[in-house]
Amino acid sequence: INAKRFMADLDEKLNSGDIEGAKEQCRSTRGPVASICYQGLLRIDESIENIERSVVSYGSVQSANLEKGCSWITLFIALSPSLGFLGTVFDQIEQAGDIRPTIVAAGMKVALITTIFGIISALILQIFYNYILSKIEHLVAQMEESAITLLDSIMNHKLRA
């Protein structure tokens, strides 16, 4: 979503006293920014400290949800180059029943080729992982900025009431 426009619309509703309209806007909008704002609006009648604590706590939950699954990508980045070595040399030695330089060399060739493909796949995964992390960091920054804007809007609403 366009977080700035979303927050401007939400602020407008709060300024006009339309709390239910602001809640409905949050419910009907997907994403962590809207979810965090909804949590804050649910507690609008409480103290600003309770609202802030709720928004921060829910923001941590949303942030963790964004990052779940990323550990699997890092695992595959770490493992893919190593997988090339598994079983290639030793399998050929076992089949021949002898350790001759030609057998070892052929096995090493296969191991190096599969390791190269493992490194290539790790590089591709690393680029993908960095892209995902940059998107997550952008969303977290939007969530933090929106939380500050929401708290300011709620504070202004409470001062007018």
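Visitor: Which residues lie nearest the centre of the largest pocket?

Guide: In this predicted model, Val55, Val56, Gly59, Glu144 and Ala147 lie nearest the centre, out of 13 lining residues. Helix 4 (48-67) and helix 7 (101-160) are the elements that each give two or more residues to that lining. The volume of the pocket is about 210 Å³.

Visitor: What classes make up the lining of the largest pocket?

Guide: Eight residues are nonpolar, three are polar and two are charged. Gly counts as polar under the scheme used here.

Visitor: Why is tryptophan 72 called exposed?

Guide: Its relative accessible area is 55%, and exposed means over 50%; tryptophan 72 is therefore exposed. Tryptophan 72 lies in helix 5 (residues 70-79).

Visitor: What makes glutamate 145 and lysine 4 a salt bridge?

Guide: The N to O distance between their side chains is 2.6 Å. The cut-off is 4 Å, so the pair qualifies. Glutamate 145 belongs to helix 7 and lysine 4 to helix 1 (residues 3-15), so the bridge ties together parts that are 141 residues apart in sequence.

Visitor: How do you know whether lysine 4 and glutamate 145 are exposed or partly exposed?

Guide: Lysine 4 has 58% relative accessibility, over the 50% limit, so lysine 4 is exposed. Glutamate 145 has 43%, between 20% and 50%, so glutamate 145 is partly exposed.

Visitor: How many salt bridges are there by this rule?

Guide: The count is three. Another one joins lysine 23 to glutamate 20, with the closest N and O atoms 3.5 Å apart, and that distance is within 4 Å. Both residues lie in helix 2 (residues 19-27), three residues apart, about one turn of the helix.

Visitor: Why is lysine 23 called buried?

Guide: The relative accessible area of lysine 23 is 13%. Buried means under 20%, so lysine 23 is buried.

Visitor: What makes arginine 27 and glutamate 24 a salt bridge?

Guide: Their side chains meet at 2.9 Å, N to O, which is within 4 Å, so the pair counts. These two residues also lie in helix 2, three residues apart. Arginine 27 at 44% and glutamate 24 at 40% both count as partly exposed.

Terms used: Residues numbered from 1 in each chain as written. Predicted model: local features only at pLDDT ≥ 70, side-chain atom pairs only at ≥ 80, totals over all residues. Heavy atoms only, no water. 1 Å grid on protein atoms, 1.4 Å probe; cavity = no way out; pocket = protein on both sides within 12 Å on 5 of 7 lines; lining within 4 Å. Points joined across faces, edges and corners; volume = space filled by probe spheres on them. Helix = DSSP H or I, 4+ residues; strand = E, 2+ residues; numbered from the N terminus. Buried < 20%, exposed > 50% of the residue type's maximum accessible area, 1.4 Å probe, protein only.
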